[in-house]
Structures are given as structure tokens and as C-alpha cells.
Amino acid sequence: MSKRLFYSIGLLSASIIAFQLILMHILSIMQWNHFAYMIISVALLGFGASGTLLALKSKWMISRIRVMLPLLMILCGLTMSSILALSEIIFGTFDSYLIFVDRDQLYSLVLTYLAFFIPFFIGALAIGLIYVAYVKKIGSLYFADLFGSGIGGLASLLLFWTFFPSQLPAVIAVFPVMAGILLIPREKKGIFTVISVASLALPLVLYFNPPELKLSEFKSISKALDLPDAEIVKERTSPYGHIQVVRSKSLRYAPGLSMRFKGEVPVRDVIYCNGDWFGPVVSWSREDTTHFLDYTTNALPYVINKPERVMVTNSGTGLFVAHSIVKGASSVTAVEQNRVAVDLLKNELAPDIDSLFSHESVILEKLQPRSYLLSDTSSYDLIILPTIETFGGTSGIHALNEQYLLTQEAFMDMWDRLTEKGMISITTWMDYPARNTLKVLGTLMNTLRSTDVVNPEEHLLALRGWGTVTFVLKKKPVTDAQIEKIREFSSSMYFDPLFLPGITKEERAEYNMLQDDKFFELADNIVESEEEAEKLYSEYDFNIRPATDNRPYFSQFLKWNRLSYLTEFYGASTVPFLEIGYLVVGITFIQITLAAVVLIILPLFFIGWGGGYRAFTVLHFSGLGLGFMFVEIVLIQRFILYFGSPIYAAAAVLSAMLICSGAGSYYSSRLQGSHKEIVKISGAVIVFILLYGIFLTEIILSTITFPMLLKIIFSIGLIAPLAFFMGMPFPLGLRTLSVQNETLVPWAWGINGCLSVISTALALIIAVEAGFFWVMVLAAIAYGITLLANYAKS
Amino acid sequence: MKKPYLIIPAALLILSAVSVFNVQAQDYRSQRETMVRTQIRARGINHGPTIKAMRNVERHLFVPAVRRNRAYEDNPLPIGHGQTISQPFIVAYMTQLVNPGAGDKVLEIGTGSGYQAAILAEIVDEVYTIEIIAELGESAQKLLKELNYDNLEVKIGDGYYGWKEHAPFDAIVVTAAAEYIPPPLVEQLKDGGKMVIPVGSPFMVQNLMLVEKKGERITTRSIMPVTFVPFTRKE
């Protein structure tokens, strides 16, 4: 077996993982994250399907392997480059926003699944064929596969910085073609040279003439671009997303503005990231002492006090930063993780925001705010959180986003950072039925109850406008003078106090009436006592229990056991638009599980149902497929907090895990491959997983202040031993199988592929329902299944 | 002498086309009746002029041809440019909320398909409607003209500024919700006038907000239909 095969498999694996990340990126721009996730999950079943086909036709393919391998790899590259152009035809009619109201969209969705399934299927078929044909060398082959994947993950970051999204498939498609060229057999050189040249020409053409990305007409940017004279004036691409600055003479921004405002709401440029709203480019004046936010409920903390030191978390385009300076703050720490957007604002857009981020009072920190909070020791008079939700709601689109800034622990961290006159301020859009408002309130009350505060009601203030509510958590009890000021402000703006010591029922709805008092009753339940709040959390139709670091899904409100009731009450086509994100994960899980069952069972009709290591194959490889991904997902989530950047955390963890697992796989070639050895290795993996499950968060929190380089080294050191052992059972299992019953090797490849896809959706569901700790416990159980399967055979 | 032979099939063709048209028109009329009965009246809409208008206006004409067969369903429908024709109940409910009557002058922000404007034009004396997306505005303008609504004017432009030349208005209906209520609109509302605005995504449970101006005092009332009338097909 030539070295070319190792390079070839490495190149192919690198390009497949990079293509997966690229597709996710592009589909998130064209549609939304959750649909991108659903489409790619189904597409990744190509791995499982390749195993099914191999189980049926491996002999035929092996006998033609010298031609099959280069052909499959070249074909994989060709489909990677052309699938986006092809999807233009499909996406011409497909819009994920309409899928629950327009049945015709289902056909388009199936076509989309099929389109994106093809490159993964062909690529996986090539890899699977190599494993089946050269199973004796599986240790080093699997090493090349994992090592390539690790490099592919890192390389995709580089590609995101360099090329525009529509060019990326063409760029990455070159690599599988190159992998194929490496394996061209001498006797077929002539014909393959022609095929190769033609195959490289297509990506070249598509690189210079990339297909236009047709965005859903319901994306924020699509609506902005429909406005008169709207144009994209600036564009940047990076792993942080595709940033576009839109200018139109009709784009205005004044969220929840009081009807007492008599001025002109100015026209703004707006920044969009992946087609979604990022923030308005706001000019401000150093000379002014008023700001349009003074006419919103966001002004509440400045009515109460005159904060000197302010922290603005997720500062975005700097709206709240400018407001703080206008209100006299002497130091404003702006924390924003999107470096590209911030750099754009600090440099090229500086004239449009009056050089806000170069102002002497502004300290800019390019990190995830929670990570910054954990590593920062300063004190603040005011900590401002970003506005929760958007006007009209996002229908649960962000349900599966980990929001470490909105967890119970995050609020405790913020509380600890407050000075004696300190405040935490958070604004949320009123939503119907009430979810965000109640969850914010619950989180604030839990925070107060966890401190030594005597009367929590004296530390909680809230003001409600026609569309927004601003909550303020105050370190010291509110004074009578401050209460008076709030009342005056509230009345002058046609706002109503929601929580204020001594508030009357009438005061709560003097200007902004609700249809009934239900919202007030629910809010009062949360404030009244911990027991009442608990009762409400259990009985309410939506999940409004405060998020925690273990379950950091603030925007996830769906309760599965209330789904049928909600469907009956709101209508089947309405429910998805209340809580679409989590629902899509559920639907994805059902789809891929059903498809996986078919793909796993199908080969048994041909290779027979009974005996000969079939049970072992199912148990051993299902355990690995589930366990590996469970661990990977939890580690990525934990390290997001550690590094303060989801993109780099994901890349670092993914690459470190894959490369170290690859090393484990390589080492496994030196082992005999007995069941006893696999039992010991699986046992070691289980011990590591449980140790990580218990201690990892503590380790991360206690070392979060380390310098970045040290953090990277430390995290690799943490990941390496576990990943090293995790890389061994798969190749060892295949080797054992090749000795006991060779016909099952392709089936095992398929089972592992199917379970790996199922496990990503399952891990998310478990994390939401029970928390990350339980995902780790289940990962240990999954490896336990592998252990038992081998123990039974040893 | 060949002509008479041609006349017979041509006549048959025309007759069959007419009969298909009649059957379809009859079908739409019956769907509209059902819509009014099950989606509008059954859910508590009791404003006579609104019910009459919902019965008169041919909703299917305002829906894109590909979705016309679903025009009378209990759903909003996309009309392009990320816009929708609202669910029939929402249209009726918004209309009832501003309590329009003969002699009134109403401003609509966000013409969209033109359906809401047509409903209002059936009830009040003058309707002024503004659409910012030229393609939608022009198509609605053409359709409304074809339907002979001569008490209705469509303008392509930015609804932010309202329509000062025709102000003040007895009612303002904002169909495309915004994160702020434009100050010029509040100004152009008559003393005692009402403005209605939906809050929520097109396919979501929409919360309607009623703004009332009484002298200097402006109040809002959030109407949460879901808490007192489930607008879903429970039957």
C-alpha cells in the first residue's frame, strides 16, 4: 500500500469536514442556523448510506478499487463545487420560513436534502471502501482520516477569512480532486488526465463566476434591501460571519420609542451578520446631553443614578456605549466578540459613529462577555446586557444557542462585579405569550435570593413601555428620592412602572394597558416567593425556568409535554413560529433516526440476520458513534466559555480531538486488537469522561485568567489523553471484525456513520432537557456499551 | 362556407370557459361565506360594516395566483418581498378595533396586497394607503383601480412621514409593524383617533396594539387575542 493512499485519505477527509463547515456557513446565510443544521445532519447520513452500499456491493467495488477510488474522489470534488449552483435552482422556490405553511416546500426540502447528501455519500464511500479493502492497516488509515479532518477544521477557518462564501465550495472542491489524482492508476493515466483537467476546470469557472446566494426573503437583510435605494456599502467575510453594511434612506432604529418623542428618528446604516440584524451604525454627539435612548425604557438606570464606570456586554455597534458617554460615564468597557464587526466600526466606519470606539472613555474588549466577566476583576456602577429578543420575536430561532451571559451563574458574576451604587440593567421586548420577560424576571429574582439581600423587592425595579420592559437590579435598596424620580420619568414618557416599592395596581397600567392582568399575576408569582416561582415554572406552558451554565439555553421555551396542547390552542401551523429552533432539532432527530434504522437494517436482508458477530458489531460501533460525538459536543461547549470565542473554541477542540484521536488510532496498530485490550481502553475512556464531567467546569473556571497561549496549551493537554484513548476502539473493533467476520466491516462503518449523526441531535436534546453533565454521563454509558460488547466476547 | 363549422367549437369553448369561471366564482363566494362564518363571526367579530366588507371583498384576487386556492384558509399567505396578506381574522380584527364608519378618513401604512385597504374602502369615505416597496405598491394600485375603489389612493413612499396633505385621520392602520411608532403618525392622528399596529412575525401569534389619542394624552392597549379567543381551527 503506497503512501499516496494516506495522503489521499487525509486530503479527502480534510475537504469533507471543511465542506461541512462551509455548507453550514452558507446555509446559515441563505436560511437560518437551525435549518442549516437540519439539512446538513441529513446530508451527513451519506456516511451511513455509504456503509449500507458497501455492505451490499463491497466485493464488486474492491475488485475495481484502482479505478473506483480516484473516480469517487474526483466525483466528490465535482459535486462539492457544483452543489451550490444546483441548489440555486432548488432554493429558487425553497424557503425554510414557509415550510410549515406551504406543503409544496416539503418537496423542495427533500430535493435539498438529496442535493447536499450526494457529496458526503460519495466521499464517505471512498473512505469506507479504503477501510474495507485495507482493514489490516486500519490503525494508520484511520489516523490519516482523523488527522486530515483535524487539519480540515483549522483550514476552513483560514478559508473563511480569505474567500467569499459563494466561492468557498469551488475552493474546497479542488482538494478531493487532488486526492483522486494521487491515486490514478498508471494504466488509466490517459483517460484520467482528461477527467482530472475537466474536474479542475469546473471549480475554476465557479470560483470566478460564483453562484449568487439567494437569501430567504424573510431574512432581515432581504427586507432592508427591498427598501428604496438600498445598497450594500461594505462587506467583510470571516469565520465571525458574513458582515454587510446596508444603507437606505428609510432605515431607522429607535426601539420602543416613547410617544412623547417629537423629533425626527434619524436614518441609519445597519450592519447585518449572515443576513441577520447585528446593529445600527449610530452617530452621536459629545456635546449632547440627551440621546434618543433617553426616550426609551433603557434610560431607567440613568434616571436612578449617574453611573461613572459602565460595562456594556455584547456591545454590538455601540448604541448603549454612546448612550453611557452622553449620560456622563467616565469609563465604558465595551465587550463584543465579533472582532470583524468591531474592527470595521473602529476603522472604516469610524466617521459614521464619531470614532466611538476610539473615545478616551471607551475600553474595547473583543471577547465573549461571560468569559470576560470571569477573567475580569474590575467593579462597575452599571452593567448593561443586550436587549433580549427582537421586535416581534425570533420564534425561537436562537433556542439552541448557548447564551452563557444569561445564565444564573452569569448574573451572580455580574452582581459580584457591582460597586455599592451598582446596577445591572436588562431590557426585553414584550412577547406574547410571555416568555422572555418572565424568564428574565425569574433569573433576576434567583440572583437576589442567592445574595444576602434582606428584602429583594427593594432591589428590583422595572419599567414598561408600549413594547419593552427594562429591569434594573440594584445593589443597594432603592431610596424614596429615586422612587420619586422613576415615577416622574415614567409619567413624562407615557411608561408604566412594573416593579417599584409601594406600587399600586392602577399605576402599573396607566398608559400602556394590557388586555387583562394575567401578565402581572405571573410576574408577581415569580417575585412573591421561591415556592410560587417553582410552581409557575412547572405549570406554565413554556419553559421559563432560569438558564444555568449546565443548561445555557435561555431562549429555549418549548416543553415537549405541552406541544399537543399548544398545537390545539394556537394551531398546528402557528406553533412552529412560536418555538421553531428546538422543534427543528426534534424533527431532525426523528428524521435521521428513522433513516438510520433503515440504513442499518437494510444490509441484513442481504448478509443475513443471525450470528457471526452481528450483535457485537451493532453494540460496539453504536457505542462509539454515540459516545465520541457526545464528548466532542460537550467539550466544544465548555471551551467556548474558556476561550471566549465560539468559532475558535470549536476549531481548537475539534482539531485537537481529531488529531489526538488520530494519534491513538496510529498507536493502536501496535496492539494486538483483542477484546480484552478494547475492554481496558474503553474502561479508561469511561473513567476520563466521568472525571471530565465532574471536574472540567471547575478546572476551566480556575484557569480562565491564564494568558491565551497558556490556555491553548493547557486545553490541548486536557483534551489529549481522553482523545488519545478514544481514537483506539474504532480501528481495533474493525480489525477484530475483519478477523471474525469480514463481511461485517462495511456494515460497521455504516453503523458508526449513522450513530454519529444521530448523536449530535440527541446530545443537543439531552443538553437542553437535562444539562451537559448528563450528556457526559450518557457518553460514559455509550462507551460502557462498547466495553460490555467486548467483555462478552473476551 | 367553412366558417359556421368553426363557430360551433369556438362557442362551445367560450361557453365552457364561462361555465368554469362561473363555477370558480361561485366556489370562491361560498368559501368567502364560510370564512366569514367560521373565522370571523364565530370568533367574536360583530362590527356590521367589517363583516359586510369581509363578505364583499374578493380576497382571492389579492393572493398570488399560485396560492389562490388557499386564499380563504385560516392563515396568512406570502405575497413576495417577505410580506404577507394577513390571516382573514387579523384583517377583520384590526378593522373592528379602529371602529371605522361612513364619513371617516383612514390612513394605512403598508399597502402590501391591498386587501386591508379594500376592506377599509368598503366602509369609510376616504382611504389613503402608503407602500414602500414599489413593486407591491404598483401591483396593489393596479388591482384596486380595476376593482373601482375610487375612494382610495395609493402612494409609493416611506410610511414614516404619513400623508400630511390629507391629515388628520380618524384612524391609522399600520399593517407592517415597526420597532417604533413614527412621531409624524401620532401627530397626524385626530384628537380621539385610533391607531392599530400588529406586533409579531407574520406567521406568529400576533399581538395587536391599539393607540388612542385624547388631547395630549396618548395611551396604548395591548390586545392579546390568544388569551380570550384562540384563532385556530378547533372545530
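Start with helix 24 and helix 25 of chain A, which pass each other in a left-handed crossing. This is a predicted model, by the way. Helix 24 of chain A covers residues 675–702, and helix 25 of chain A covers 708–726. They pack at an angle of about 150 degrees, and their axes are 9 Å apart. Who makes the contact? From helix 24 of chain A, it is Ile681(A), Ala684(A), Val685(A), Phe688(A) and Tyr692(A). From helix 25 of chain A, it is Pro721(A), Leu722(A), Phe725(A) and Met726(A). By class, that contact has nine nonpolar residues, no polar ones and no charged ones.

Next, the cores. Nonpolar side chains tend to be buried together in soluble globular proteins. Here the largest nonpolar core has 345 residues. Leu45(A), Ala126(A), Phe630(A) and Val775(A) have the most contacts inside it. Helix 1 of chain A, residues 3–30, gives the most to this core: 17 residues. A second, separate core has five residues, including Tyr97(A) and Leu98(A).

Eight strands form an open sheet with mixed pairing, in the order 13(A)-9(B)-8(B)-7(B)-6(B)-3(B)-4(B)-5(B). Which strands stand at the edges? Strand 13 of chain A and strand 5 of chain B do; each has a single partner strand, so one side of each is left without a neighbour in the sheet.

Look at strand 3 and strand 4 of chain B. They pair in the parallel sense over five bridges. Glu108(B) stands opposite Thr129(B) in strand 4 of chain B.

Last, helix 3 of chain B, residues 88–97. It lies across strands 6, 7, 8 and 9 of chain B, at about 15 degrees to strand 8 of chain B.

Methods:
Residues numbered from 1 in each chain as written. Chains lettered and ligands numbered in written order. Predicted model: local features only at pLDDT ≥ 70, side-chain atom pairs only at ≥ 80, totals over all residues. Pairing = 2+ DSSP bridges. Helix = DSSP H or I, 4+ residues; strand = E, 2+ residues; numbered from the N terminus. Contact = placed C-beta atoms within 7 Å. Axes fitted to C-alpha atoms, helices over the stretch in contact; angles between N-to-C directions. Core = buried A, V, L, I, M, F, W, Y, C linked by C-beta atoms within 7 Å. Buried ≥ 20, exposed ≤ 12 C-beta atoms within 10 Å, placed from the backbone. Left-handed = near helix turned anticlockwise from the far one by under 90°. Nonpolar A, V, L, I, M, F, W, Y, C, P; charged D, E, K, R; others polar.
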